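Morning, everyone. Please have the sequence and the 3D view open while I talk.

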Amino acid sequence: MTRKQRRGILIGTAVAVLSAAVILVLFAMQDSVVFFHTPSDISERKLEPGQRIRLGGLVAEGSVKRGEGTKVAFGVTDTLKTIGVTYEGILPDLFREGQGVVTEGRLGADGTFVADTVLAKHDETYMPPEVAKALKEKGVKLGAGATHDNGASPTETPPSGSQDPANGS
Amino acid sequence: MIIETGHFALVLALIVALVQTMVPAWGAHTRDPRLAAVGEPAAVSQFVLILIAFAALTHAYIVSDFSVANVVANSHSEKPLLYRISGVWGNHEGSMVLWVLILALFGSAVAIFGTNLPPTLRANVLSVQGSISVAFLLFILFTSNPFERLDPAPLEGQGLNPILQDPALAFHPPFLYAGYVGFSMAFSFAVAALIEGRIDAAWARWVRPWTLAAWMCLTLGIAMGSWWAYYELGWGGWWFWDPVENASFMPWLLGTALLHSALVMEKREALKVWTILLAILTFSLSLMGTFLVRSGILTSVHAFAVDPERGIVVLTILLVFTGGALALFALRANELRQGGIFAPVSREGSLVLNNVLLTVACATVLFGTLYPLATEAFGYKISVGPPYFNLTFLPLMIPLLLALPYGPLLAWKRGDLLGVSQRLMAVAIVSIVMGIAIAAYYQRGPWLAPIGFALGVWVILGAATDILNRARFRDVPWPEFVRRITSLPRSAYGGVLAHMGLGVSILGIVATSAYQSEKIVALAIGQSETVAGYTLTFKGVEQARGPNYTEDVGTFEVTTGGAFVSTLHPSKRLYDAPPQPTSEAGIYPSLGGDLYAVLGDKQPAGGYAVRFYFHPLVRLIWIGAVIMFVGGAISLSDRRLRVGAPRPARRGTSAVPAE
């Protein structure tokens, strides 16, 4: 075998693996990409029910209702529109009214959002970037979160007024 | 005063790093040995200065000096000592100081142990290493200074995020950083080689131990993070394909590729250009990991409060170093002489396949991680989750694992595929039988799971075959075999162990992903629920007080077939400072699988929501990682691979006067 042939086999293998990967990526991108929406987006754009999406915003004040077993219902709001969400399971520790949240699931025919995932935060002062950005676009003034690191400013107020005792940072 | 000393030491370190960047490179360029030798004392003193700064910061945390803004924001006087110390790197500023400390540690290690490196190479390596220090010290001093004072000083700090107050996470960042930063050595050596336009097998021999050490630390660091996520976050998962996780996983993939390609370069002087490129890319991905985590530009389940402006600075550093190194690579790569030739079926060929698959797999992970950023520029906000990675990454791992046992059994230059297949026949049969057995046992789960399980067995037994083969099992009589197997070089055992560790992890990953059982129920006191053959009876919830938290502790009695097994105590904690709730899972661990319970919310009608899991073989994931680490350590202790070891050929001749 000449040097050229050997190199040809090497390059051929690399190209074959790479094209296999590209095909896999294209295939995977078709149905495993999930779009992010705010409550206003959903009411404006008339999304098809049944499509898997992410819904983000703030948990509406006074909206959390615990149902039977581990069922829970709450509203996600961007202060303009609110979408009702149902979820069955255990909510993350930092899930609280007035706090930023990202849920993933499908929009039901009746307009409520059936979530199978509620994204947790690790940190009191953290807000998911989509939520922070979406709320900013909607003109909601953000307090703690989004841009501030490790709560270095003790006088910060929590977002959208929830006087949560836990938000002292 | 101590704080000001630390601050001052950090500024001095910056100046020393500037000297280290410029003087040795100039000395190497002008062939002035005195200037080139400046690198060593500079590297060592830079390390000492950063150590002083780090010690000063740690002291402030230990004594809870609340006149320091960083301590106020991240510590609390009632926190246990371990977490007061780990709080130093549990925040952005402190973690960056740890970052440069490890960077300087590696730099000074080159200065101290690299005495047998060619002087110009050493000067250039220290120069490049110094320039990375300069960039990050500037970053710390101008955007993330941990030594800023507060006046007046508050009486109490705000505390460390409770989920970070955990032993695994206390040590997770140092190991992860040692891995990230350790790859800077490969980067500096690659850039130095490009500056000199010369590279040979000795280069690979010097680079490989550093890369191996970094890889070991990164392996352990990732495993610790995964273990922590598993028991601390209470979701029962151990990997989420989250951007922050991928950020550490991508350098690991490329670092693994680099370890293997450096092997080819050391033994056969082939793949020079490729190895240099990999060294540059591996460290670039480490920098990108730092950027992704620090900028918070991607939505992550593990995200902590972040500052986008700092992200931009890290991005600039990333672009300058990657761009600069790649430009140098484009200019100089052609000058590197190509080395040994080999047939496609050979040890080299198999290592090339390893490299191609690992690199492409890493590229798919990179694409999935960054794609949301690209679409956001066009106004779409999307997320790429586990389904994408399962569809792209996993299929690429199958050929890699299939080929893995072949690699070490094939000869250099030209291998005998058929002969090796015959040697692996028994292993193949056992693996297939194991795959069928697991499918028959569970009779559920995805069809890929038995294949994955068989591949895990295949990798473990294939590695064992390698050792038997090296000792010429069956070819030589027993006493001779025993003598051979005990006198194999440690690096041989190291490699075999690392491969076995991978196989062990795969068994755990496959079993727990495909066959876990989950139940979410609301239980009143006295009620019970069955999961995976275990019956859990809810005995009640009691309040308890920890060192800096109060908790509601649930009690669940576990029985199987009426016999008592264990008692689980999942709890919900509320920390004093910051007042943040966390869930602590109750876990009954065993090699066969973990029984895992999480206490949920109190129900309006009484009782609690509870989540139970059974994760079969889940411990194997982390045990496998520890085996990989041990394998690396054994390999590192091999005298041929010892840091900065001279060429073996010179060892014999050194006593003989030059002719």
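I will go from the whole chain to a sheet, then a helix pair, then some backbone details.

First, the ground rules. This is a predicted model: local features need pLDDT of at least 70, side-chain atom pairs count only at pLDDT 80 or more, and totals for chains, interfaces and linings use all residues. Residues are numbered from 1 along each chain as its sequence is written, and chains are lettered from A and ligands numbered from 1 in the order in which they are written.

Chain B, then. It has 22 helices and eleven strands. These are DSSP runs, numbered from the N terminus: helices are H or I with at least four residues, strands are E with at least two. Buried means 20 or more other C-beta atoms within 10 Å of a residue's own; exposed means 12 or fewer; partly exposed is in between; C-beta atoms are placed from the backbone.

Now the sheet. In which order do the four strands run? The order is 2-11-10-9 in chain B, in an open sheet with antiparallel pairing. Pairing requires at least two DSSP bridges between two strands. Strand 2 (517-523) and strand 9 (586-588) of chain B are at the edges with a single partner strand each, so one side of each has no neighbour in the sheet. Strand 2 and strand 11 (residues 608-616) of chain B share seven bridges. Among the partners, B:V521 bridges to B:V610.

Next, the backbone. Most residues other than glycine have a negative phi, and most peptide bonds are trans. Where are the exceptions here? The peptide bond from B:D151 to B:P152 is cis, with omega near 0°. B:P152 sits in the loop between helix 7 (119-143) and helix 8 of chain B. B:R31 is not a glycine, yet has a positive phi of about 60°. Look for B:R31 between helix 1 (2-30) and helix 2 (33-36) of chain B. Buried or exposed? B:R31 is exposed, with 10 other C-beta atoms within 10 Å. B:S64 also has a positive phi, about 55°. B:S64 is partly exposed, with 17 other C-beta atoms within 10 Å.

That's my tour. Thanks.
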